[in-house]
Amino acid sequence: MRLDSPMAGGRLTRLEWLALAGLLLVLALWALGSTPLFDVDEGAFSEATREMIVHHDWMHTTLNGEPRFDKPIGVYWLQAISVSLFGVREFAFRLPSALSAWGWSLALVVFALPRLGRQVAVAAGVILATSLGVLAIGRAATADALLNLLLTLTALDAWRWLEAQNRGEAGRAPLRRAYAWMGMGLLVKGPVAVVVPGGALVLWLALSLPWREALRRLGRAAGDGWGWALLLGIAVPWYAYELHRDGQAFIDGFLIRHNLARYSSPLEKHGGSIGYYFVVLPLLLLPWAPLLASVVAGVRRHWADPMQRFLLLWGLFVLGFFSLSGTKLPHYVLYGASPFVLLMAMALAQAGGAMRAALTVCLLLLLALLCGSAATLHLWAPGVVKPPLYRALLLGQQASPWLVWVSGLAALAVLFLMTQLSRPGFTLPWRSGVAAVLLSLVSLGVALPWWGDLLQGPIKRAAEVARQRPEPAVQWGLHQPSFAVYREEEAPRRVPRDGELALVRLDQLPAQMAQVGGRFSMLYAERGYGLILWRASAAPAEPSVAQAPVTAP
């Protein structure tokens, strides 16, 4: 029986569905609120959402009182609903992303079941949910997990429509759903919601059909009036409102700066070579990266099957399109993760002993990356970490015994699962899936909170100190939006005025002190003065920087 035969066990019982969906949901929500918000992105999205709620304006976003045109409104609405229900908490800001990552995994399972069989379908859901890049954006209070869900739903429905066309069926429901998903994607991120699935569709038509038939199919897809009505009806009202409200500022900020300029040049110094994403993609798909080699080795076989060719072209379009982009951020390549994951799940179902060894190494490598690097911080950080702020935060810190013991036990469990367990039915997909879930739970529940407290804890604690005081607060030489989130008050970036609080950093103190003549009083400092909260005053105040007490966890 062929692996992709509809008869290859293409169903899950209700109990199996509940078990799988429940497992993936637990993984998505595990320790979701145990880590402080990471700056800059999580802090900026969260503070913009908080200000939207405070200002009672759910159609416009600001950051520290200034218009924020970085992203459309979609994810802010979901975050605002969550925060309204659960309060200003990390869990609430991240919940839309976690549920999006969960839905993203289930979407692959639903698509793969009738086409690739139950084993491949379940493997695809687990591979996606436990991949490093998906674990990261699925726990980030940003727009990317939601965008990936919508991109995946769009592209998979585009294939469902092509599949129906290949069978001579006239139904347009999948096509119109795809238009609706694109409309939502335009509200979440912008034009990329159309470019990625549209590019995959055009490439498949051009490379799979005679040119006349390809043009005819493309005309059907692009000329669906009801589809356009759905897309425009979903997306246009907010864009029209913003254009009416902010005019050229919205065009310059959103369309030109954060779309055209982002693609044509390195924005905010986020550049990279043409091969950047060919290195980043395997890293983001850890611990499953060895399966990519099997996909590459089987390109001819995949190309011969129309659906697998669509998956290949979708993934390759993302790699090619974003490799040509001036701005390169790691998560961009995840827009093409879904097709690669489906092909990787097929490879896993057919893998042998060599792949088991490779996956075992990568599972332990990922554990070492997340847990082992914390346990050996004092060995590598002095020579690797250059930014003064993070050097001050990292140096002198040691991993807790809990982190060391739990990560060590997890490594032993992974080795046992992958090399020693030999009962009938414990196939490689089963072994590696259980090991990856275990590793993810340890990393999310133990390692990530430790790293979060190390890197962002001082900012959160400084904000909690500032929250107890009535003075306005600013960020001086810093861009840490989470400070405003935790203080629950705007904290603009500027020089402090007399009587204001200021969050500053030690390595910038000489120049900053010259601007205020050294007039300040210390309120909070931590970890060798990497971060300092002070109060500017009209007259010199004590204690000085050298005399101020240091508060440390």
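Trp58, Leu78, Ile81, Leu85 and Phe86 form a nonpolar surface patch with about 470 Å² of accessible area together. The model is predicted, so local features need pLDDT of at least 70 and side-chain atom pairs count only at pLDDT 80 or more, while totals for chains, interfaces and linings use all residues. Residues are numbered from 1 along each chain as its sequence is written, and side-chain values use heavy atoms, with hydrogens and water left out.

**Surface patch**

- Patch members have over 30% relative accessible area and no salt bridge; like charges are joined within 9 Å and nonpolar side chains (Val, Leu, Ile, Met, Phe, Trp, Tyr) within 5 Å.
- A salt bridge is a side-chain nitrogen of Lys or Arg within 4 Å of a carboxyl oxygen of Asp or Glu.
- Trp58 lies in the loop between helix H2 (41–54) and strand S1 (62–63); helices (H or I, at least four residues) and strands (E, at least two) are DSSP runs numbered from the N terminus.
- Trp58 counts as partly exposed because its relative accessibility is 32%, where buried means under 20%, exposed over 50% and partly exposed in between (1.4 Å probe, protein chains only).

**Second largest pocket**

- This pocket holds about 490 Å³ of space; a pocket is an open set of points on a 1 Å grid over the protein atoms alone, with protein on both sides within 12 Å along at least five of seven lines, and lining residues have an atom within 4 Å of a point.
- Of its 20 lining residues, Leu20, Val122, Val126, Pro429 and Trp430 lie nearest the centre.
- Helix H1 (14–29), helix H5 (118–130) and helix H22 (428–467) each supply at least two lining residues, and H5 gives the most, with six.
- The lining divides into 14 nonpolar, four polar and two charged residues.

**Cavities**

- The structure holds two cavities of 30 Å³ or more, a cavity being a set of grid points where a 1.4 Å probe fits but cannot get out.
- The largest cavity has a volume of about 110 Å³, and its lining includes Leu24, Trp102, Arg139 and Leu444.
- H1, helix H4 (90–116) and helix H6 (132–137) each supply at least two residues of the lining of the largest cavity.
- The second largest cavity, of about 40 Å³, is lined by His60, Thr61, Arg68, Phe69, Lys71, Trp238, Glu242 and Phe250.

**Leu439 in helix H22**

- Leu439 is placed in helix H22 and is buried, with a relative accessible area of 2%.
- Leu439 and Pro287 are 152 residues apart in sequence and 9.7 Å apart in space, C-alpha to C-alpha.

Technical notes: Areas by Shrake-Rupley, 256 points an atom, 1.4 Å probe, with all protein chains shown as cover. Points joined across faces, edges and corners; volume = space filled by probe spheres on them. Nonpolar A, V, L, I, M, F, W, Y, C, P; charged D, E, K, R; others polar.
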